[in-house]
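Please walk me through this model in the viewer.

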Amino acid sequence: MTVIAVPFAGEGAGEDELSWGQQDIWGSMRRDRSWLPIGFARPVPPGTTVEDIVDELRWCVSRYPSLRTRLRFTGGDRPRQVVYASGEVELEVVDAPPDADPAAVAKGVQDRYQGTDHDHAAEWPVRMAVVRHLGAPAYQVMVVCHLVVDGFGALVMQDGMRDRPSGPGAALEPLEQAREQRTPAAVRRSEAALRHWEHLLRTTAADRYPGSADPRTPRYWEVVRTSPALHLAVERVAARARVESSTVLLAAYAMAMSAVTGIAPLLTQLVVGNRFRPGLATTVSPVSQTALCRLDVAGREFDDALAVTWRAALAGYKHSYYDPAALDALLRRVAAERPDPAVMRCGFNDRRGLLRDLPPADPAADPRAALAHTTTRVERRQDKPFDPCYLHVLQEPGAVVLVLCADTHFLGPDQQEDVLRRIEETVVDAASRGGH
């Protein structure tokens with residue numbers, strides 16, 4: 001292996017507090033005790049040279065200030081972001097043995113990058129390598145700290161790396177976000193969002209769910225259900241109801257959770273991308289935050305539950321941009337003042353938009369017949385904590401993938417599978433009935 005020093009220089013240097021999106025991710029990093037690396041290992045086009053990869057890395061770090069960011073720790077709860085005007089980042093050149101699979105070698109490099117701790121104060125937040133095979137570049141590996149890039153930001157960066165736009169970008173970068181978030185208008189938005197959270201927290205009865213009858217060791221399980229039937233059904237239901245397919249899945253999730261746990265109404269946290277807000281559509285940096293909504297769907301017909309969910313989710317999206325430190329203070333205050341406060345056990349994160357160019361569902365296919373091809377597996381069992389119950393929605397060709405991460409002291413394994421089964425059946429039934 002050889003290492004090439006790649007110099008870079010770009011605009012937007014300076015220092016400030018973390019933006020709201022960065023603060024949100026920093027809190028997750030501290031809770032998970034991880035630098036939350038995200039990245040890829042992908043083949044490069046034939047004829048690509050090492051110099052091409054060097055130029056791409058130089059352009060990328062020069063173009064996006066977040067990739068030139070390190071942290072300065074001042075002894076408080078949160079560090080400060082420092083964006084540098086210039087410096088050098090390293091590119092590793094890894095030679096795969098002639099008889100090796102370069103894809104496997106690249107995956108090994110990615111695993112090494114992601115498994116190696118990151119020094120936020122001393123290291124650049126991007127790690128890149130090129131894997132050569134028989135003397136020619138075959139794969140590119142890139143891993144970036146989640147503090148400076150989120151999933152949709154990675155898509156923005158991917159487009160930029162392909163198109164290489166020149167001139168200043170239109171996005172608010174993290175330093176600009178931090179300054180904008182201190183303006184009176186931003187403070188008012190944050191205060192309105194916190195009033196929404198406080199109202200729901202104070203007016204929602206605490207759940208009395210006794211917990212799981214089947215707690216396990218390791219305690220935290222990830223159950224994955226891969227459903228071609230959901231792929232066929234969910235867009236049909238969404239089109240008939242004239243809502244986003246995320247709303248369809250959220251309604252089915254809330255119905256399933258209330259049915260399995262008896263908690264009603266259900267407080268649910270939604271991950272909101274926030275890229276519909278001015279200046280944030282094309283930023284690379286993380287801007288997602290959590291919205292809170294109350295879903296009172298127990299015992300309702302699905303059409304009615306869908307309407308209730310749409311209204312509740314819309315209110316949550318409207319109030320998803322706020323000062324995370326102020327929210328933390330609010331949560332502590334409410335918990336201290338209410339002897340039995342409502343518990344936010346459930347989360348929902350639809351990540352399907354991170355994949356592009358997938359073939360659409362066959363409009364003539366029968367979702368109910370596709371139920372025979374559903375698979376369910378336990379992906380992880382660990383004692384490192386998850387949230388009590390978090391549903392991640394992913395997409396692969398021809399299937400929707402439901403990933404339920406849960407504390408088995410809250411939901412036992414059979415209950416986790418029951419939740420996933422109910423989600424699938426509810427949406428498939430709605431599509432088969434032709435409702436909406």
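Select helix α6 and helix α10 together: α6 passes α10 in a right-handed crossing. The coordinates come from a predicted model. Helix α6 covers residues 184–203 and helix α10 covers residues 324–337; their axes come within 11 Å and cross at roughly 20°. Angles under 35 degrees count as roughly parallel, and α6 and α10 are therefore roughly parallel to each other.

Now show side chains where these two helices meet. On α6, pick Leu-194, Trp-197, Glu-198, Leu-201 and Arg-202. On α10, the contact is made by Ala-326, Leu-327, Leu-330, Leu-331, Arg-333, Val-334 and Glu-337. Colour the contact of α6 with α10 by residue class: eight residues are nonpolar and four are charged, with no polar ones.

Next, hide the helices and bring up the sheet. Seven strands form an open sheet with mixed pairing, and going across it the order is β11-β10-β12-β14-β15-β9-β13. Turn the view to follow the twist, which averages 20° from one strand to the next.

Last, move to strands β12 and β14. Select residues 346–350 for β12 and residues 389–396 for β14; the two strands run parallel and are joined by five bridges.

Key. Residues numbered from 1 in each chain as written. Predicted model: local features only at pLDDT ≥ 70, side-chain atom pairs only at ≥ 80, totals over all residues. Heavy atoms only, no water. Axes fitted to C-alpha atoms, helices over the stretch in contact; angles between N-to-C directions. Helix = DSSP H or I, 4+ residues; strand = E, 2+ residues; numbered from the N terminus. Parallel < 35°, antiparallel > 145°, perpendicular 65-115°, else oblique. Left-handed = near helix turned anticlockwise from the far one by under 90°. Contact = heavy atoms within 4.5 Å. Nonpolar A, V, L, I, M, F, W, Y, C, P; charged D, E, K, R; others polar. Pairing = 2+ DSSP bridges.
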